[in-house]
Amino acid sequence: MAQSSFKIEGKSAIGQFLTYKPLIHELVMRDLKVKYRRSFLGYVWSVLNPLLMMCLQAWIFTVIFKSNIENYPLYLIIGNTLYTFFSESTTIAMNSIISNAGLIKKVYLPKFILPISSVVSSLVTTVFSFAAIIIVMIITRAPVHWTILLAWFPLLSMFLFNCGVGMILAGLTVYFRDMQHLYGVLTLALMYATPIFYSIDAMTPEVQFMIRLNPIYHYINLFRCMIMIGALPGINTWFACISSAVVTMLIGLTVFRKLQKDFLLHI
Amino acid sequence: MNTEDNIAIKADHISMKFNLSQERTEAFKEYIIKKLKNQLHYTEFYALRDISFTLKKGGSIGFIGRNGSGKSTLLKCIAGVMFPTKGTVTVSGSIAPLIELGAGFDPELTARENVYLNGAVLGHDRKFMDSRFEEIMDFAELWDFVDVPVKNYSSGMYARLGFAIATEIKADILICDEILSVGDMAFQQKCKKRMEELLSGGTTLLYVGQDPQTVEEMCEEALWLDHGHMREYGPSYKVCGAYMDYLDEISQ
């Protein structure tokens, strides 16, 4: 016998996740279809966009600022792609509750499905845009290392981290809409605090210490090590990736659970 | 079967309290300032007070009352969208909420895509919806527009698609909020017929309607809500009769 739908509320997050997997699938499909439906080039944009962005930045930083990082185009496009994954997925997740207000006012759903499916959609577009990274690797004749097979690991860590951040933001934004305006500035600040177009080695030790507190640096660094250098970094990087991802995810779930009770009265 | 197994919905002394703040503090600045000035005053408002009823499987209940009497809030508590401040709602069986037809449709998507999306919202996967797709489009009579984005639909077409999906997935419990007033007359008749079929097939129905006559026709039992209180609860002909007398009285 099917049980009461509200009892699902008491189920573990993983149990709910499995029950509503078809919904996540449909929501992700919706996001992807709606995102590219009206545009002429459609999915090509998720490859073209990072390439164009990289060309622009590569030109600015090599011609104007004289950067001397080896294979700078590849260095740039990896940093950009992963950072875009973070900023895009968390921004969409932040607005996911408010933009689906019509739905959750009328039908019961576990609400954390909404920020999570936003991050999943963004993950799918990020994986599409890896084609751009491969194109750059071919053009710059970058050697292919076996460690590329492990590149899913930093991506998965980042996915969990983004889900956690996304849930915290989604919950807070329902109560304080100011987050929507503030977050654009925050992601910009965080972008400069992440070595995307510069190298951490060029910084003073104090600044290096600060940068190492930023989890996004570790995900990007690990990814670059695997693709560009072909060597695996020490245990510290792995530990930083796993712990920041899992802790953020758990905080996100806890905060979101606390906040979701009164969502309906505020949207 | 013992009596416990036979009950689809049991609402046990539910109350719903809202804090009506004068202005909603959505901005952080306002919140801090008001908190500091101790100006966060709320007016308490009970949308529902101490409502209890039980509905057996396959039964039907209609909620009547004037605007703002708490009918929709009650449906939302039963659908699990809201949580009552006090009391409990126990539901056994799957629910199809028709609180608003087509809730969760994405205007950019076509009818075909929205059928699957809406099905997933109601907890059904692609395979299940595949098996229902033809019947849904047949009932909605929208085959000509199956690949048109629903933003180009008229509100009647929109409602037809929503109704077709929610009734075709054959949930155990159907929650309807004044939906029979949508579409043209022919479609309204079709909807009524569909509801009767579902009822005789063992579906449990919760219905909100403005028109006591429809409620009397559709439902065995009725509950009359007045400012969140239960004014009368019993067989629908009795409650609806009393409600109509009341309406006559106040309109004089």
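**View 1. Charged and nonpolar residues around the second largest cavity.** The residues that line the second largest cavity comprise five charged (Asp, Glu, Lys, Arg), four nonpolar (Ala, Val, Leu, Ile, Met, Phe, Trp, Tyr, Cys, Pro) and no polar ones (the others, Gly among them). The model is predicted, and local features need pLDDT of at least 70, side-chain atom pairs count only at pLDDT 80 or more, and totals for chains, interfaces and linings use all residues. Residues are numbered from 1 along each chain as written, chains are lettered from A and ligands numbered from 1 in written order, and side-chain values use heavy atoms, without hydrogens or water. The lining consists of A:Glu26, A:Met29, A:Arg30 and A:Lys33 from chain A, together with B:Leu109, B:Glu113, B:Tyr116, B:Leu117 and B:Arg126 from chain B. A cavity is a set of 1 Å grid points over the protein atoms alone where a 1.4 Å probe fits but cannot get out, with lining residues having an atom within 4 Å of a point.

**View 2. Helices that line the second largest cavity.** H2(A) gives the most, with four residues.

**View 3. The interface of chain A and chain B.** In this interface, 35 residues of chain A are in contact (heavy atoms within 4.5 Å) with 43 residues of chain B. Between them the two chains bury about 3200 Å², the accessible area (1.4 Å probe) lost on being put together and summed over both, with 62% of it on carbon and sulfur atoms. Three salt bridges, each a side-chain nitrogen of Lys or Arg within 4 Å of a carboxyl oxygen of Asp or Glu, are found across the interface. On the side of chain A that touches chain B, two or more residues come from each of H2, helix H5 (101–104) and helix H12 (263–266) of chain A. H2(A) provides the largest share of that side, nine residues, and the side as a whole divides into 18 nonpolar, six polar and 11 charged residues.

**View 4. A salt bridge between A:Glu26 and B:Arg126.** The closest N and O atoms of this salt bridge are 2.7 Å apart. Over all chains, the structure has 12 salt bridges. Because A:Glu26 lies in helix H2 of chain A and B:Arg126 in helix H4 (residues 126–140) of chain B, this pair joins two chains.

**View 5. The second largest pocket.** This pocket, an open set of grid points with protein on both sides within 12 Å along at least five of seven lines, holds about 500 Å³ of space. Among its 19 lining residues, the closest to the centre are A:Ile69, A:Glu70, A:Tyr75, A:Met228 and A:Ile229. Helix H4 (72–99) and helix H10 (215–229) of chain A each give two or more residues to the lining.

Terms used. Grid points are joined across faces, edges and corners, and a volume is the space filled by probe spheres set on the points.
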